[in-house]
Amino acid sequence: MADNEMASSAGLQRRREAADVTLPDFMIPKEVYLDPEIAKLEKERLWPKVWQVVGRLEEIPSVGSYLTYEICDQSIVVIRTAEDRLAAYHNVCSHRGMRLLEGRGRTQEIQCRFHGWRYGLDGRVTFVLERQDWAGCPHMSDDDLALKPVRVDTWGGWIFINLDPNAKPLAEYLAPVPERVGPFEFEKWRYRWHKTVVVRCNWKVAIEAFNEFYHVTATHAQLQQYQDDISRCEVHGDHGMMYYPPELNRPWGAPAARTGLPLPKDWRPALVAATRHFEQTLKAIWSPRAVLATHRVLTELPPDTPPEVALTKMVEFWKEAALAEGAGWPDITPEQLAKAGFDWHVFPNFIFLMGYDGGIFYRVRPYGDDHERCIFDIWSLVRYVPGGEPTIEHEYYERWQDCDSLGLILTQDFMNMERVHAGMKSDGFSVARTNPLQETVIANFHRALRRYLGLDARTGRRKK
């Protein structure tokens, strides 16, 4: 037998043996990412059952404004039918299956471009060309022809849909996320920028890249100049949260302890440098207004200000700048801030990291039926003066490498994602071994995923 055939045979044998091994909770078999049959199960059992983010309310501000959303081979349109009411429908004509609307826009009625059938904003059919041709035919009543409704609800300014008419209410599905992060008032934030890119990796590889801080030390080594990097996790049902425990980390603005560098003697320039670095390399988490206000620590605090005092004053300066501008400020107590954490994963595919007056939000979904690519949405939101938010254009790139404005941090993450997906195909790799303290949210994500898909809880693979 040739050497390459022997290696292939040995790899197959290892996979067969691994399939019969009971896996501890922190181990995830690679087939969950690579097996096209798993992607088919997700299409059948996951995506039709979960609440998913479609977009923001400010994208459909007036009656007739609409927004479309695709997941696998399903297309949904969300449309504002009244000042205080939204509706969602399967985005398909009941005549011959034509897609009705694309992207986003505004319309007074929904018209099929194929044969001209028309529907009202309430989904009722209003015009059928030569309708008398169907005289006496069954299944041709107005109710039969109406657009098929989809459940829609909102939270924090975000629009969610669910394809399952029997799904639990959104508020129940999200709990305890709204209670934990509600004080930040996401509904008062607006777009700073919005980019969508396509990445050559399974959607779960992508979502997990933002589901833990354990990678920061190696992937984002430049951040060690400004922050310590020992994280912990909390799980809440199917959702999870990551944070940096203060008892395990140096105050923000100091170099990571593992660098061996001393604490700053003067914390003022350290805080300015840290906020400026995030602004230059991510353009998210804090508002540009807050970054500028941070400079006040240089002139209004003495050089020997203790770090906890300097950090408190920095946030006070942020608040003063926001109030002076008319943007408002969230009323968040220290207890609420501690409970909120920093980085949330809302099952299955929505992640956000927030500061006081801004944050970054991610949504990841399969690229149609291609389980080796995913669509990755990135939203940077900021609390602006009402009506003073910038006009933005949604940027879309079929290759993330073609977007030259992602910044260093996201570029590092996207490089990892494609390399992980490619590396998982190796015969030398069979399972992911998640950190039981710092990657707990990933293990929890897969517990929920196995439940939806009906995977074997013992092996993490398809049931025989």
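Author: The chain holds 15 helices and 20 strands, where helices (H or I, at least four residues) and strands (E, at least two) are DSSP runs numbered from the N terminus. Its radius of gyration, taken over C-alpha atoms, is 25 Å, close to the 23 Å that the globule rule gives for 464 residues, so the chain is as compact as a globular protein of that length; the rule is 2.2 Å times the number of residues to the power 0.38.

This is a predicted model, in which local features need pLDDT of at least 70 and side-chain atom pairs count only at pLDDT 80 or more, while totals for chains, interfaces and linings use all residues. Residues are numbered from 1 along each chain as its sequence is written, and side-chain values use heavy atoms, with hydrogens and water left out. The chain averages a pLDDT (the predictor's confidence in each residue, from 0 to 100) of 94, and 95% of the residues score at least 70.

K204 counts as buried because its relative accessibility is 0%; buried means under 20% relative accessible area, exposed over 50%, and partly exposed in between (1.4 Å probe, protein chains only). Of the 464 residues of the chain, 53% count as buried.

The side chain of K204 makes a polar contact of 2.6 Å with the side chain of E42. A polar contact is a pair of N or O atoms within 3.5 Å; within protein, one must be able to donate a hydrogen and the other to accept it, and residues adjacent in sequence count only if both atoms are side-chain atoms. Contact in general means heavy atoms within 4.5 Å. Leaving aside neighbours within four places in sequence, K204 is in contact with E42 and also with V32, Y33, I38, F445, H446 and L449. For the chain, 67% of contacts between residues at least 6 apart in sequence join residues at least 24 apart.

N249 sits in the loop between β14 (239-243) and α9 (267-281), and counts as buried because its relative accessibility is 13%. The side chain of N249 reaches the backbone oxygen of P245 at 2.9 Å. Beyond four places in sequence, N249 is in contact with D228, D229, I230 and Y244.
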